[in-house]
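Please look through the sequence and the structure shown here before reading on. The paragraphs that follow lead from one element to the next.

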Amino acid sequence: MRMKEGNLRNLFLCLCLSLICISSTAQTTQRSLLLVCSDNANLESLSHADVRKLFLGVPLIVDQVRLKPILNASDPLATDVFLQKVIFMSRRQYERQLLSRVFRLGDQRPPEYEDIDLLAKALLDTPDSLSYMWSEQLEHLTGLKSLGILWSDSKN
Amino acid sequence: MNRDHHRVGLLYSLIVITSIVYSPISLGDATGEFLLFPHIGAIFRSDLADDSLLDSVDYTYGVDIFATSSYQNFLFLGELLLAKQEQDIERLQLGSIVGDSKVWLGRFHNPVGYWNTQFHHGSFLESSISRPSIVEFEDDNGLLPIHLTGLLIEGVIEHDKQGLGYALAVGAGPELSDELKALDVLDPGSGSHDLSLTLNLYHEPVLYAPTRYGLFINHTEIPATRNGLDEIRQISAGVYGNWESQRWRLTGSTFYLRNRLQQLNGVLTDNFISSYFQADFKPDDQWTIFGRVEWTVDDENDAYLELFPQHIHDRILGGVRLDAFDRHAFKLEISGNRTQEDNFGQFMLQWDAMF
């Protein structure tokens with residue numbers, strides 16, 4: 001019986017540890033999509049409305065500096081979340097809208113980077129430029145800062 | 001201006017546009033776009049009248065060259081069309097960003113209605129092959145001043161996540177000889193051109209989203225050298241709407257046109273109404289099915305319309321568009337058309353692309 005009680009106690013401890021692990025894992029997998037720019041940028045924040053405007057190709061001038069958007073294509077999910085939650089358009093609608101604005105109004109489409117390191121380099125080289133990325137992507141990059149959370153997976 | 005000089009002018013324009021986009025300043029702080037929109041098409045017509053000026057079979061081809069460049073608050077936009085029927089500078093604009101507005105000088109699309117500012121010579125952006133006849137280009141039996149040369153101010157005022165857009169244009173309009181002729185920026189001294197004014201106001205229920213509803217008015221004084229005409233004073237006004245969802249796009253507009261034709265022996269005033277409605281349905285990412293109806297009211301014996309015998313008064317059309325191979329579009333369009341003197345069927349095929 002004592003052995004059985006010991007086993008039960010061990011089992012209970014294992015369960016508790018597992019729960020703690022699951023809980024901590026859940027916390028680390030909670031994802032936030034961040035608006036990012038170079039540490040050297042003078043910008044401290046930007047409203048979601050201005051982010052949408054900027055990435056739709058509308059010229060946006062803050063403190064006499066014209067901001068430059070860069071699309072992060074390193075993670076298709078990040079792009080989809082960004083388009084749906086910030087731009088409020090599907091990828092197809094977004095591409096068509098951008099092209100239409102270029103052709104009508106002479107606006108420019110944002111450049112797109114599939115390699116996160118090249119994206120980071122572009123942000124560092126051009127301090128007026130902004131992009132978006134997952135919080136865990138930003139953790140592995142130096143010289144960049146977050147200007148705020150664009151979207152967070154709050155269910156986990 | 002003779003044809004050789006015109007071609008030399010076009011070549012210079014092409015070099016200038018390319019130089020601006022690829023200049024060291026463009027590769028530095030400035031950004032820009034350089035796009036090519038080639039197209040090849042075939043047109044087959046049936047039931048043409050014996051004395052019709054239209055061909056039963058026709059082929060089209062060409063490329064629309066488009067470039068933009070911006071440096072700080074300054075903007076450049078150029079569009080050059082090199083096609084079978086015409087080679088022309090369609091747009092040549094220098095602009096500046098002033099607050100939420102853009103102020104442009106040069107030759108631009110007249111913001112009359114919706115279609116003319118949304119689409120132009122790069123038909124890759126259009127679902128259909130043809131344009132509604134009421135917004136047809138000047139050199140293609142068009143009735144309206146499609147291109148102006150002068151000043152354009154446009155922008156959107158934000159209010160509670162909605163937009164109130166505006167475009168105000170003041171410039172030189174077209175003249176009427178054998179057809180309407182917009183001012184040639186390569187030879188601005190040629191021809192006779194008078195004032196054209198346009199105001200376009202629209203509402204965007206969601207700021208910068210494609211759905212919008214608007215109204216417009218234009219006044220143009222058109223010097224004329226045809227059929228004993230001296231001048232035409234034209235007023236066009238109307239409403240338009242464009243609604244878009246994931247799969248559907250509905251576009252429509254109604255134009256009221258009043259023309260005062262000043263002849264050597266008196267003045268004649270006529271008016272008519274022209275409308276179009278187009279529906280696009282996208283069952284998936286590749287296919288688009290579209291249909292459009294166009295109709296004109298009070299067009300019988302209209303003195304202005306009689307100057308354009310090949311202009312299409314009524315049309316019903318349907319077609320499909322297939323998008324494939326990354327920015328290539330294959331289109332098919334079938335229509336029934338009524339002009340002043342003719343009723344004919346038309347079958348069109350076209351390849352469009354964007355590079």
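**A helix and its surroundings**

Helix 4 of chain A has 15 residues, which at 1.5 Å a residue should span 21 Å, and its end C-alpha atoms are 21 Å apart, so the two values agree; the expected span is 1.5 Å times one less than the number of residues. Helices (H or I, at least four residues) and strands (E, at least two) are DSSP runs, numbered from the N terminus. The model is predicted, and local features need pLDDT of at least 70, while side-chain atom pairs count only at pLDDT 80 or more and totals for chains, interfaces and linings use all residues. Residues are numbered from 1 along each chain as its sequence is written, and chains are lettered from A and ligands numbered from 1 in the order in which they are written.

Within helix 4 of chain A, the residues Leu98(A), Leu99(A), Phe103(A) and Leu105(A) are buried, where buried means that 20 or more other C-beta atoms, placed from the backbone, lie within 10 Å of the residue's own. The buried residues of this helix pack against strand 2 (57-71) and strand 5 (101-109) of chain B. Just after helix 4 of chain A comes Gly106(A), which takes a positive phi of about 75°.

The contact between the chains takes 17 residues from chain A and 20 residues from chain B, two residues being in contact if their C-beta atoms, placed from the backbone, lie within 7 Å. On the side of chain A that touches chain B, helix 4 (residues 91-105) of chain A gives the most, with eight residues. By class, that side of chain A has seven nonpolar, five polar and five charged residues; Ala, Val, Leu, Ile, Met, Phe, Trp, Tyr, Cys and Pro count as nonpolar, Asp, Glu, Lys and Arg as charged, and the others, Gly among them, as polar.

Chain A also holds an open sheet of four strands in the order 4-7-1-8, with mixed pairing, and strands pair if DSSP finds at least two bridges between them. The edge strands, each pairing on one side only, are strand 4 (68-69) and strand 8 (144-152) of chain A. Strand 4 of chain A pairs in the parallel sense with strand 7 (residues 129-134) of chain A over two bridges, and Lys68(A) stands opposite Ser129(A) in strand 7 of chain A.

Turning to chain B, we find three helices and 18 strands. Of the 355 residues of chain B, 39% count as buried, and the C-alpha trace of chain B spans about 60 × 50 × 50 Å along its principal axes.

Strand 1 (residues 31-46) of chain B runs antiparallel to strand 2 of chain B, and 14 bridges join them; here Ile43(B) has Asp58(B) in strand 2 of chain B as its bridge partner. Strand 1 of chain B also pairs in the antiparallel sense with strand 18 (residues 343-353) of chain B, over eight bridges, and Arg45(B) has the bridge partner Gln346(B) in strand 18 of chain B.

Further along chain B, 16 bridges join strand 13 (residues 248-263) to strand 14 (residues 266-281), which run antiparallel, and a hairpin of two residues joins strand 13 of chain B to strand 14 of chain B. Strand 14 of chain B in turn pairs in the antiparallel sense with strand 15 (residues 287-297) of chain B over nine bridges, and the hairpin that joins strand 14 of chain B to strand 15 of chain B passes through five residues.

Definitions and conventions. A residue is buried if 20 or more other C-beta atoms lie within 10 Å of its own, exposed if 12 or fewer, and partly exposed in between; C-beta atoms are placed from the backbone.
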